Amino acid sequence: MRIEEHPILTFEKKKKVEFLFDGHKVWGYEGEPIAAALHANGVRVLRRSAKLNRPRGFYCAIGNCSSCFMTVNGEPNVRTCVAKLEQGMVVETQKGKGDLSTAKIKPLSPSTSEIRKAEIAVIGGGPAGLSAAVSANQMGAKVTLLDRNSKLGGQLVKQTHKFFGSEEEYASIRGIDIANVLANKFDKKKTDIMLDAPVLGYYREDGILGAEQNNKFIKIKAKKIIIATGASERVLAFPNNDLPGIYGAGAAQTLMNEHGVVPGSNVLMVGAGNVGLIVSYQLMQAGVNVKAIIDAAPRITGYWVHASKVRRLGIPIYTSYTVKEAHGKENLERATIWRLDENWQPIKGTEIDLDVDVMCIAVGLSPLNELLWQAGCQMKYIPELGGHTTLKNEDMETSVKGIYVAGDVAGVEEATSAMVEGSLAGLCAAKSLGYDNGRFKELRQEAINHLETLRSGPISQGIRKGLEQAIIT
Ligand SMILES: Cc1cc2nc3c(=O)[nH]c(=O)nc-3n(C[C@H](O)[C@H](O)[C@H](O)COP(=O)(O)OP(=O)(O)OC[C@H]3O[C@@H](n4cnc5c(N)ncnc54)[C@H](O)[C@@H]3O)c2cc1C
């Protein structure tokens, strides 16, 4: 169902287009993700699993996983959560792995021998990457910024809540507006922005990045690289956790706040951290009923200000509860939750059944670290930072000289620390190329102090512990 009225957002009505879904004529808006258009038409089953033929819907909504693979115009394995809808497309539910032998695939134009040169390549235009580009510009360096999305902002583009903190932390500005503020700080003459340009790989031998744009393979040789690719949402293990209707909480947020489509009618939110609390509030704003928020931990882990907002709306929050099972044949129809004891073991007889058609999983994020592995950066599993991430020094430089990191990929935190880390990485990468506007030392120290302040509270204890293990001295 499409959102007609929203207290904060207005959804631009683009051109209507018709397309074929499994032989039926349906419509959507030109350029919206195919999966969003199908959702608006009540279609949630997008593919069938390879071995057991189980129904699958989308899970991440930002092109990270394979849950939404469909066959589009004869091409299998198209990520329909991000692939853009066009007039006359032929979209089919994909069964199994997809047959490449008969697929009609338009190959990427082979790369020319030309290698584009860049001073600093920033991969990812979220809060970390944007801040990195801005600060590198301020030092005097030229930046090539690549993002696989059509617009800048990363996850900010769906965050309708106002930020806290000080003026420099964009307090009282909504996440959706911060991206524009940052984008306006670029020195346009010193920044080459490449959108719809996923970086596909890093070729260590030659130090070359391979990216795709407009169906062309592009090679980029950068003197310095800043990887700011963000994170992806985790899944949770329980019977039937793959049913369509079970989404990452951020995916539900993307569907609603970016594409103007609600995920369903009645929601169980799993996770009472900030993302779970914020998305619950935003679901209610969009007219969706949140039946309950549960968390396996014995306490709410998100900020009290967010918890109070959802409590005021009458949403019950059950702590020490987890999902026992999801029920449904083709779609989620019901969920059973149960209580955990002090050893996190489920207690029989405490089951509660909830009639829900949507379950949002907000149990944390994991760094999107593939490029770091490819580059040969020294990696370590640090649970407090969300999983495998890279070791780095105080300047955000990894064990591979000239490759820097910032934001969630360097350890999952939140948008404000991502921005400050980005600024620090941008400053230091520029300085290593000899750029300095005379304020490098002062700005570097300011960023380091700022990060220390952000991480000083009791809520950041885990982050501090994680970061201690990630430092290269
Ligand atoms: C789905 C989701 C929802 C969230 N919702 C909230 C919320 O409601 N409230 C809140 O406080 N925090 C939320 N967060 C957390 C917060 O947004 C992040 O901590 C913050 O955005 C991190 O910034 P970043 O720049 O490191 O990463 P991101 O904002 O994730 O930006 C990374 C960018 O890199 C791009 N990218 C990734 N891989 C490639 C590649 N190979 N080539 C080119 N580009 C690439 C992505 O398209 C993206 O634009 C959410 C996070 C996620 C993942």
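Reply: The account below begins with the ligand shell and then turns to the domains, a helix pair and a sheet.

The model is predicted; local features need pLDDT of at least 70, side-chain atom pairs count only at pLDDT 80 or more, and totals for chains, interfaces and linings use all residues. Residues are numbered from 1 along each chain as its sequence is written.

Around the ligand there are 35 residues, of which Gly-126, Gly-154, Gly-230, Gly-250 and Gly-407 come nearest; a residue counts as near if its C-beta atom, placed from the backbone, lies within 6 Å. By class, this shell has 16 nonpolar, 14 polar and 5 charged residues. Here Ala, Val, Leu, Ile, Met, Phe, Trp, Tyr, Cys and Pro count as nonpolar, Asp, Glu, Lys and Arg as charged, and the others, Gly among them, as polar. At least two shell residues come from each of helix 2 (127-139), strand 15 (231-233), helix 4 (249-258), helix 5 and helix 8 (415-432). Helices (H or I, at least four residues) and strands (E, at least two) are DSSP runs numbered from the N terminus.

The ligand lies between domain 2 (116-232 + 366-470) and domain 3 (235-363), because both give residues to its shell. Domain bounds come from an automatic or database domain assignment, which also gives domain 1 (16-95). The centres of domain 2 and domain 3, taken over C-alpha atoms, are separated by 31 Å. In the contact between these two, 5 residues of domain 2 meet 7 residues of domain 3, contact being C-beta atoms, placed from the backbone, within 7 Å. The side of domain 2 that touches domain 3 comprises 1 nonpolar, 3 polar and 1 charged residues.

Helix 5 (residues 274-285) also packs against another helix: its axis and that of helix 6 (residues 304-312) come within 9 Å and cross at roughly 35°. Axes are lines fitted to C-alpha atoms, for helices over the stretch in contact, with angles from 0 to 180 degrees between N-to-C directions. Asn-274, Leu-277, Ile-278, Ser-280 and Tyr-281 of helix 5 meet His-306, Ala-307, Lys-309 and Val-310 of helix 6. That contact has 5 nonpolar, 3 polar and 1 charged residues.

Finally, an open antiparallel sheet is formed by 3 strands in the order 20-21-22; strands pair if DSSP finds at least two bridges between them. Its edge strands are strand 20 (321-327) and strand 22 (352-354). Strand 20 pairs with strand 21 (residues 334-339) over 6 bridges.
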